[in-house]
Amino acid sequence: MNITINFKRIIFIISLAFSFVCQAAIINDSIDISDDINRNILDDCDACGCAAGNGSSGFESLLNPQFIGIKYFAQHYRAKENLFVKDLTQDQYFNTMQIWGKIPLTEKLSVYASLPFHFHEKKTMQGDININGIGDLNLMGIYRIINSKDNFHQLNGGLGIKVPLGKFDEKGISGVNPSFQLGTGSWDYQAVLNYKFQKNKLALLINTDYTVKTENKKHYHFGNQWNYAATGFYQITGNEKAILSAKAGLQGEVYDKNRQFNEALPNTAGSALYGKLGFEASYKKFSLGGEVMLPAYSNLAGGDIEAKSRFSIFLNFGI
């Protein structure tokens with residue numbers, strides 16, 4: 001079964017990543033955990049999958065130092081088989097492996113980039129449908145707007161662009177989920193704000209972002225997207241070489257209607273709210289993190305699509 005194969009792939013990735021951090025040591029009373037905080041600044045995927053979004057499960061590391069890394073992100077949705085079927089019987093799996101990096105240009109200004117590879121599947125009554133390939137490239141400038149003298153408060157802002165490298169298949173928009181794509185086929189634009197409060201072993205991160213999407217060459221226009229999230233962190237243990245933190249929070253997503261030839265399409269808008277639980281660990285220059293997200297509320301595509309679960313894991317190396 002494909003689910004078993006995906007599960008084995010996830011276990012392999014986790015096992016490989018843990019081999020780098022299994023020597024983590026313990027305990028310190030109070031330590032700055034900003035280098036370990038929030039690997040999920042912004043979940044910038046479209047409703048029903050990353051494919052037609054920005055090709056990333058997270059807008060990683062507004063706060064972290066320079067790095068290069070790799071991340072696996074999996075999403076599961078249940079959808080109507082077609083317009084004539086009442087029940088949500090079709091399972092849809094969106095999988096993304098992405099490479100990303102963040103490079104500082106000055107003390108306050110950094111450049112972030114991510115390039116995804118998607119491999120998606122949906123199970124239909126006529127058989128399984130699979131697509132895979134490179135997704136859309138993300139580029140963003142990140143600027144530190146405020147950093148208090150006591151380092152308790154920090155505010156960051158960013159502006160970015162999505163370059164349409166992923167293939168857009170016009171036939172794919174005729175299904176219940178038009179986001180079953182490798183890319184939007186359009187140049188899209190992002191703005192993000194990120195606020196962090198941190199004191200001793202506790203931290204709170206609040207994020208909001210907005211993506212403006214444009215019409216592609218096939219005259220299809222995916223709806224604009226607003227994301228928001230609040231995540232709390234607690235440092236379980238740490239010293240100068242190693243840190244282990246737990247995190248929990250809420251994340252919401254709101255999607256505008258898609259349009260074709262400038263006409264709004266029914267059952268393409270929606271919203272969802274997730275609860276999330278995860279961890280982050282670092283050892284010297286390596287950092288490892290993962291999280292599970294489950295929907296507290298789901299109203300996608302007029303109820304034709306239901307969010308089920310998300311899972312992600314990353315491994316980064318400081319440069």
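## The F168–F222 pair

F222 is buried, at a relative accessible area of 2%, where buried means under 20% relative accessible area, exposed over 50% and partly exposed in between (1.4 Å probe, protein chains only). F168 also counts as buried, with 13% relative accessibility. These two residues form an edge-to-face aromatic pair, 6.1 Å centre to centre with 90 degrees between the planes. Rings of Phe, Tyr and Trp (its six-membered ring) pair if their centres lie within 6.5 Å; planes under 30 degrees apart count as stacked, over 60 as edge-to-face and the rest as tilted.

The pair links distant parts of the chain, 54 residues apart: F168 lies in the loop between β6 (153–163) and β7 (188–199), and F222 in the loop between β9 (220–221) and β10 (225–238). Strands (E, at least two residues) are DSSP runs, numbered from the N terminus.

## Basis of the values

The model is predicted: local features need pLDDT of at least 70, side-chain atom pairs count only at pLDDT 80 or more, and totals for chains, interfaces and linings use all residues. Residues are numbered from 1 along each chain as its sequence is written, and side-chain values use heavy atoms, with hydrogens and water left out.

W100 in strand β2 (residues 88–104) and F314 in strand β16 (residues 305–318) are 214 residues apart.

W100 is buried at 2% relative accessibility, and F314 is buried at 4%. Together with F67, W100 and F314 form one aromatic cluster.

Conventions: Helices (H or I, at least four residues) and strands (E, at least two) are DSSP runs, numbered from the N terminus.
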